[in-house]
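Reader: I have a model open and want to learn how to read it. Please take me through the features one by one.

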Amino acid sequence: MASTENLDGHHSAGSFPADPMHQFEIVRYIDINVAGFDISFTNASLFMVIAVALVSFFSIFFVRKQAMVPSRMQSLVELSYEFVSNMVRQNVGEEGKKYFPFIFTIFMFVLFLNMLGMMPYSFTVTSHIAVTFALAFLIFLLVTIVGFVKHGIGFFGYFAPKGVPVFMLPLLVVIEVISYFTRPISLSVRLFANMMAGHTMLKVFSGFVISMGLIGGWLPLGVMVAFTGLEILIAFLQAYVFTILTCIYLNDSLHMH
Amino acid sequence: MPQLDFTTFIPQLFWLFASLSFLYLVLSKVALPRISDVIEERNDTIADDLDEAKSLSLEAEKVVDDLRVKLEAAKLQSQKNIMSERKKNLELITLKRKEFEGKVSKEILNSENKINDSKALALKDISLVAEDIAEELLNNLFVRKVEKKDLSKFSKDII
């Protein structure tokens, strides 16, 4: 509703100059249709491709010399490598090494999507529940498969922790099952809600800057600057939280409780 | 809310899986092995260098210890040498001194003998002269001739 208003260029008195939700709209750049499936190239696709290109470029181009004394950028790449590698080692242990490339990919992908979203006029891919839920569900599936491959049918024992009184078991199993299956939801909603709320708030404040004019607009502008700093922190933090929860879920699958 | 527009889900999911799989392939096949190679190589180099430094410092310590032992031995040896030289020199000095003293005492003895001889000779001459003088004096003093043999007896008594 608000978006059509915006597109028409009409603003009723007291409404924001820009609809804060407008930034989340998917814009189709190239219409592609393969076997009845709509796989159009949209602004979301564009930013995913940019993120992939940037991560690939950073991690290959800056390490091309494989210098013993690294340049600043090589140092940065190595730092991120060791950051994720430590995270995997501390949360999953030595067995987690096999899954390190996957977790590194997830971290870098989410981090770059979040960070790219902080640029003006860009699009935040991770502010879409469809994307974050798909990611979280992929992780959920992989982690569950890993659990069954490692423990076989014994992985069902995950839902019945050892050392619990028998009469407590029916209740506990239900709780465990629910908490296990809500994992992809909590994981995806956390990232999506953080990204969407932050960007909406920034947009609202930027709307205040315009509507309060040259005299009154400075206060919301200052608040916006502060919130931009906070949002950059959150962009990193949410990527970190997303990755560390992935590690914790993987650890649960590998080592049970 | 644009997030709930289901018509956008399929293209988003397609591009998500396409880009994520591509990124996973690039990172796991190309980028990450190279990065881990660099880091491992650096760690190896650092470890090697540290080992080498440790072994070198151990060697240096050993050399210093050797040096100290040798220095100690040399000090001891030099002290021993000094002592033996001093002893030798002392012996030589005493020997030379004794030799010299012997020579000197012999000279003194010789000189004394010579002096004694000269003294005796002189005394003898003196007594002869005295006798002569006494004889002359007495002959001039007294009328009677004094026999020389009495006088010699007399002078002997005086001397």
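Author: In chain A the order from the N terminus is α-β-β-β-β-α-α-α-α-α-α-α. That comes to eight helices and four strands. This is a predicted model, where local features need pLDDT of at least 70, side-chain atom pairs count only at pLDDT 80 or more, and totals for chains, interfaces and linings use all residues. Residues are numbered from 1 along each chain as its sequence is written, while chains are lettered from A and ligands numbered from 1 in the order in which they are written.

Reader: What average pLDDT does chain A have, and where is confidence lowest?

Author: pLDDT is the predictor's confidence in each residue, from 0 to 100. Chain A averages 87, and 93% of its residues score at least 70. Helix H1(A), residues 2-8, has the lowest confidence in the chain, with a mean of 41. H4(A) has the highest, at 94. Over residues 1-14 of chain A pLDDT stays under 50. Where pLDDT is low, the predicted coordinates should not be read in detail. Chain B averages 89, with 97% of residues at 70 or above. For the complex, the predictor gives an ipTM of 0.87 and a pTM of 0.74.

Reader: How is chain B built, and what is its radius of gyration?

Author: The radius of gyration is taken over C-alpha atoms; the globule rule is 2.2 Å times the number of residues to the power 0.38. Chain B has two helices and zero strands. Its radius of gyration is 62 Å, well over the 15 Å from the globule rule for 159 residues, so chain B is more spread out than a compact globule. The C-alpha trace of chain B spans about 195 × 30 × 15 Å along its principal axes. For chain A the spans are about 65 × 55 × 45 Å.

Reader: Which residues of H2(A) are buried, and what do they pack against?

Author: An α-helix has 3.6 residues a turn, so residues three or four places apart point the same way. The buried set in H2(A) includes Ala44(A), Phe47(A), Met48(A), Ala51(A), Val52(A) and Val55(A). These buried residues pack against strand E4 (41-42), helix H3 (72-91) and helix H4 (100-117) of chain A, together with helix H1 (9-141) of chain B. Two residues are in contact if their C-beta atoms, placed from the backbone, lie within 7 Å. Now check the length of the helix. The expected span is 1.5 Å times one less than the number of residues. H2(A) has 19 residues and reaches 26 Å, close to the expected 27 Å.

Reader: How many residues does the largest nonpolar core have?

Author: A nonpolar core is a set of buried Ala, Val, Leu, Ile, Met, Phe, Trp, Tyr and Cys residues joined through C-beta atoms within 7 Å. The largest has 59 residues. Among those with the most contacts inside it are Met48(A), Phe107(A) and Val110(A). H4(A) gives the largest share, 11 residues. Beyond four places in sequence, Val110(A) touches Thr126(A), Ala239(A) and Phe242(A).

Reader: How many residues does each chain bring to the contact between them?

Author: Chain B brings 31 residues and chain A brings 34. On the side of chain B, 21 are nonpolar, six polar and four charged. Here Ala, Val, Leu, Ile, Met, Phe, Trp, Tyr, Cys and Pro count as nonpolar, Asp, Glu, Lys and Arg as charged, and the others, Gly among them, as polar.

Reader: Which residues other than glycine have a positive phi, and are they buried or exposed?

Author: Ala35(A) is one of them, with a phi of about 50°. Ala35(A) sits in the loop between strand E2 (33-34) and strand E3 (37-38) of chain A. Ala35(A) counts as exposed because it has 5 C-beta neighbours inside 10 Å. Tyr121(A) is another, with phi near 70°. Its place is the loop between H4 and H5 of chain A. Tyr121(A) also counts as exposed, with 5 C-beta neighbours inside 10 Å.

Conventions
A residue is buried if 20 or more other C-beta atoms lie within 10 Å of its own, exposed if 12 or fewer, and partly exposed in between; C-beta atoms are placed from the backbone.
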